[in-house]
Amino acid sequence: MTNQLFGQMMDSPLLISNILDSASRHHAKMEIVSKRVEGDIHRYTISELHIRSKKLAQALEYLGLKMGSRIGTLAWNGYRHLEIYYGVSGSGLVCHTINPRLFPEQIAYIIQHAEDEIIFFDLSFRTLVEHLKPLCPLVKKWICLIDENLQATSVENIENYETFIANSSGVYEWPSFDERCASSLCYTSGTTGNPKGALYSHRSTILHSYASALPDSLCLSAMDVILPIVPMFHVNAWGIPYSSLLVGANLVLPGEKLDGKSIYDLLESEKVTFSAGVPTVWAGVIQYIKNNHLKFNHFKRVVIGGSACPPAMMKTFQDLGVEVIHAWGMTELSPLGTVAKPKSSDNCKTKEALELIHQKQGRVIFGVDMKIVDGDLNKLPHDGKAFGDLNVKGPWVINQYFKVNESALKDGWFPTGDVANIDSDGHMQITDRSKDVIKSGGEWISSIDLENIAAGHPLVTMAACIAVAHSKWGERPLLIVEKKSELTISEEELKNDILKFFEGKIAQWWIPDDIVFVDKIPLTATGKMQKMKLREQFKDYLLPTL
Ligand code: AMP
């Protein structure tokens with residue numbers, strides 16, 4: 001278009017350093033509380049975070065690193081990790097958060113692939129680091145996040161974080177650059193093949209932070225005390241290290257211990273109003289509360305995502321006075337895509353109708369667009385019934401993976417690998433990961449639906465549903481159950497009881513053909529049920545003939 005008329009507004013790039021500058025200027029009393037790996041509680045204000053992030057940026061500058069160089073972290077949620085988030089990205093370097101729960105060989109692959117030049121790590125990962133050092137020759141410095149007077153390890157060439165930043169003054173101007181420059185890097189869990197990197201930009205991060213704070217999104221405010229349980233090594237803790245500073249909320253960082261008691265104690269002692277985590281972590285908290293007859297005194301809202309939140313968990317939180325915000329996203333989406341919130345035009349006059357909306361994965365937040373398609377990429381109707389491959393696009397969705405020289409898109413959309421339906425009001429419901437769908441006699445059975453129902457049985461801790469080969473139907477569902485420990489009935493009785501529990505809740509032919517009990521359902525490095533492992537374990541399972 002010729003003769004474009006440009007607006008006459010200030011044109012400043014959207015940079016991560018702006019968030020920190022603004023928070024320290026306008027929310028100077030904002031507090032960051034960290035449960036340290038050493039066991040104690042550490043507190044400081046945003047002003048100290050500001051100065052120390054700048055000291056780190058200066059210390060990195062002295063090393064003469066090129067803009068865009070990758071700096072890795074192997075760390076829990078804590079104040080030093082937050083300083084790295086801001087000090088590294090703010091100075092034009094890329095903060096590469098690494099999931100320490102992966103296998104050491106996978107971590108070494110990721111570090112080498114990202115070409116990390118420095119790795120910052122928490123004391124709890126010193127043995128891992130000793131293992132990784134010879135496997136990662138490109139790393140120039142390994143820096144341990146501990147106090148000045150402590151020695152990290154006897155291994156050579158490990159530096160101390162406090163010593164590293166000690167000689168910097170903190171008098172530092174953040175550089176200004178193109179907002180499309182890379183800010184951080186996170187590799188997907190990589191259930192098949194090698195992990196792949198999502199490289200976020202300053203622009204995508206800031207836009208995602210705005211969007212995630214909106215009322216029909218996570219509804220964050222300066223009145224909140226926010227505890228991100230989702231780790232800072234998993235999709236930037238769902239963006240909370242940025243969005244909480246953007247709104248000026250107090251931040252509580254839980255460190256290493258994520259068991260029910262530790263989380264509950266922090267929620268209470270720090271008067272946390274908002275938290276975020278995957279269902280498996282919350283299952284531990286709920287168990288602890290029930291066993292000890294406790295209640296929440298301050299906790300108001302929790303965002304649950306990463307895998308489907310079972311309705312039974314939502315109900316328990318509701319009874320405890322906590323609103324569950326069910327959200328869907330993925331590493332490739334920074335991660336937020338949809339949030340389950342009703343709208344005025346929704347037909348939710350009854351309690352049940354409203355519950356159904358909360359249980360779905362939700363509506364897109366402005367910025368993200370979504371559609372469902374069939375195998376030939378034809379658009380399917382948004383009628384709440386048709387289901388197909390969920391495709392998304394928007395300014396915080398990747399268009400290619402790091403160092404992969406081809407687009408990750410199909411027809412300009414990112415194929416998520418999830419199967420979903422979308423109703424006429426725009427509420428999306430994930431029915432499965434495409435590889436987890438159970439294809440029985442040409443029809444599809446949703447493993448998530450079966451798991452959600454089973455999780456509502458009072459004697460079930462966790463349930464995973466997988467497809468097992470069947471001579472007549474192709475595949476049939478097998479339910480794998482981790483049962484509650486305080487069981488007074490036999491496994492056979494429990495099995496029959498769970499099968500009966502399904503009746504009337506789903507079509508008869510969806511009911512699993514069999515149930516097996518395991519001591520523990522294996523979890524992935526991000527706390528999701530590891531169905532690939534279960535499929536491998538039960539690949540030759542013989543279903544009973546009916
Ligand atoms: P990750 O990239 O590790 O965060 O995994 C993203 C995947 O987790 C998505 O593609 C979904 O399969 C799954 N997921 C995330 N949130 C939900 C949710 N609320 N319900 C069901 N599945 C989810």
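Buried here means under 20% relative accessible area, exposed over 50%, and partly exposed in between, with a 1.4 Å probe and protein chains only as cover. I note that this is a predicted model, in which local features need pLDDT of at least 70, side-chain atom pairs count only at pLDDT 80 or more, and totals for chains, interfaces and linings use all residues. I number residues from 1 along each chain as its sequence is written, and side-chain values use heavy atoms, with hydrogens and water left out.

**Entry 1: His-427**

I looked up His-427 and found it buried, with a relative accessible area of 1%. His-427 sits in the loop between strand 19 (414-422) and strand 20 (428-433). Strands here are DSSP runs of E of at least two residues, helices are runs of H or I of at least four, and both are numbered from the N terminus.

I then asked which side chain makes a polar contact with the side chain of His-427. That partner is Asp-346, at 2.9 Å. A polar contact is a pair of N or O atoms within 3.5 Å; within protein, one must be able to donate a hydrogen and the other to accept it, and residues adjacent in sequence count only if both atoms are side-chain atoms.

Leaving out residues up to four places away in sequence, I found that His-427 touches Lys-341, Pro-342, Asp-346, Ile-357, Lys-360, Gly-362, Arg-363, Asn-421 and Ile-422. Contact means heavy atoms within 4.5 Å.

**Entry 2: the ligand**

I listed 15 residues around the ligand, of which Ala-327, Thr-331, Asp-418, Arg-433 and Lys-528 come nearest.

An N or O atom in the side chain of Asp-418 is 2.6 Å from an oxygen atom of the ligand. A polar side-chain atom of Gln-361 lies 2.9 Å from a nitrogen atom of the ligand. Gly-306 places a backbone N or O atom 3.0 Å from a nitrogen atom of the ligand. The ligand has 500 Å² of accessible area on its own, and the protein covers 91% of that; the areas come from the Shrake-Rupley method with a 1.4 Å probe.

**Entry 3: salt bridges**

I searched the whole structure and got 30 salt bridges. The criterion is a side-chain nitrogen of Lys or Arg within 4 Å of a carboxyl oxygen of Asp or Glu.

Arg-52 and Glu-83 form one of these, at 2.7 Å from N to O. This pair links distant parts of the chain, 31 residues apart, with Arg-52 in helix 2 (residues 46-62) and Glu-83 in helix 3 (residues 79-90). Both residues are buried. I also found them in a network of salt bridges that links Arg-36, Glu-38, Asp-40, Arg-52, Arg-80, Glu-83, Asp-147 and Glu-162.

Next I checked Lys-351 and Glu-355, whose side chains meet in a salt bridge at 3.7 Å, N to O. Both lie in helix 13 (residues 351-359), four residues apart, about one turn of the helix. Lys-351 is exposed at 54% relative accessible area, whereas Glu-355 is partly exposed at 26%.

**Entry 4: helix 9**

How many of the eight residues of helix 9 (residues 240-247) are buried? I found seven, so the helix is mostly covered. They are Ile-240, Pro-241, Tyr-242, Ser-243, Ser-244, Leu-245 and Val-247. Gly-248 follows helix 9 and has a positive phi, near 80°.

Terms used:
A residue is near a molecule or strand if one of its heavy atoms lies within 4 Å of it.
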